[in-house]
Amino acid sequence: MNLELTTIRRNFSRAAECYAEHAVLQAEVERRTLERLDYFKLDPRVVLDLGCGPARALGTLRDRYPRAQKLLVDLAAPMLTQVPRRARFRRLPHHPIVADMHHLPLADASVDLIFSSLALQWAQDLDLVFNECRRVLRPNGLFLFATLGPQTLVELRRAAQDAGVPLGINHFIDMHDVGDALVRAGLGDPVMDREDLLLEYRGVHDLLRDLKRIGANTRLEASAETSPGLRGRGWLKALDQSYAAHARGAVLPATFEVIYGQASCPPRGARPQDGSTVVGGEVHIPVERIRRGPHVDSH
């Protein structure tokens, strides 16, 4: 496991007990992603929640697919220990697995549905993760996910740049590049869409606190350890003043670009028949194959 994955695991492990309380955006995106299962008639034998955290999706997945075996995979073991503590999940059969999504300890063609909500943005190698997803999916299995795009925390990035604060923020992959990776992995029928969700904060300190309490502070933590400009508290005041330029009334906005995607596993040895092509590093998908979700413009 590389150094950054070790840090990611440590931060999410520390945040396990308070994650559910502060992961407001994560809960909303998870709900919206689960609703997309309405478009599919599935009777899966095995369902995998990839990067499940405290597995809040388990109840919904149980209700939808009561006969399916539920596999819960997360990098941070303490996240998985939160599942049996939540009363309504205690009697739901599930199999927690501590694992890196780049190397899944699952047999080839053993899963019918992979569900993943806001975990893929932590991938160090998206191609490797998607290859693993195709490997463990059965033919005609479904991969449904949500991740974050490059407009995420755009206000924080701009405020940090304007204030001259060397604040490290996670790199998020563009929707077209995510689709490109799906095609390279040999996953078929890719469908991609996006929307911007807006959270409001009283100050930049509240935003940074929430990121820390859900474990999403890996790059921020690395910046604090390596940048002299982030020693002391002066940088926080400067960042807060810079962020005020983006204020909407008495609140500070924080944009999160949410990318939704789905793809299927074609029969073994078959080429995807989705009509998509790759041109200049971008995925071109026929318009008639794209279902667009709601778009909330934050600007």
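Reader: What pLDDT does the protein average?

Author: The average is 85, and 80% of the residues score at least 70. pLDDT is the predictor's confidence in each residue, from 0 to 100. This is a predicted model, in which local features need pLDDT of at least 70 and side-chain atom pairs count only at pLDDT 80 or more, while totals for chains, interfaces and linings use all residues. Residues are numbered from 1 along each chain as its sequence is written, and side-chain values use heavy atoms, with hydrogens and water left out.

Reader: Where is pLDDT below 50?

Author: Residues 221-226 are one such stretch, with ten contacts in the model beyond near neighbours in sequence. Contact means heavy atoms within 4.5 Å. Over residues 272-299 pLDDT also stays under 50, and the model has 64 contacts there beyond four places in sequence. Where pLDDT is low, the predicted coordinates should not be read in detail.

Reader: New topic. At what angle do α5 and α7 pack?

Author: About 45 degrees, for α5 (residues 126-136) and α7 (residues 175-184), with axes 9 Å apart. Axes are lines fitted to C-alpha atoms, for helices over the stretch in contact, and angles run from 0 to 180 degrees between N-to-C directions. Helices are DSSP runs (H or I, at least four residues), as are strands (E, at least two), numbered from the N terminus. The pair is therefore oblique. Under 35 degrees would count as roughly parallel, over 145 as roughly antiparallel, 65 to 115 as roughly perpendicular, and the rest is oblique.

Reader: Which residues meet there?

Author: Leu-126, Asp-127 and Phe-130 from α5 meet Val-178, Ala-181, Leu-182 and Arg-184 from α7. That contact has five nonpolar, no polar and two charged residues. Ala, Val, Leu, Ile, Met, Phe, Trp, Tyr, Cys and Pro count as nonpolar, Asp, Glu, Lys and Arg as charged, and the others, Gly among them, as polar.

Reader: And α8 with α10, what's the crossing angle?

Author: Roughly 110 degrees, with the axes of α8 (residues 204-213) and α10 (residues 234-243) coming within 9 Å. So α8 and α10 are roughly perpendicular. Among the residues in contact are Leu-207 and Leu-208 of α8 and Trp-235 and Leu-239 of α10.

Reader: Is Leu-144 buried or exposed?

Author: Buried, at 1% relative accessible area. The cut-offs: buried is under 20%, exposed over 50%, partly exposed in between (1.4 Å probe, protein chains only). Leu-144 sits in strand β5 (residues 137-148).

Reader: What does Leu-144 touch?

Author: Leaving out residues up to four places away in sequence, Leu-144 touches Thr-33, Arg-36, Leu-37, Ile-114, Phe-115, Ser-116, Gly-261 and Gln-262. The C-alpha atoms of Leu-144 and Gln-262 are 4.5 Å apart, across 118 residues of chain.
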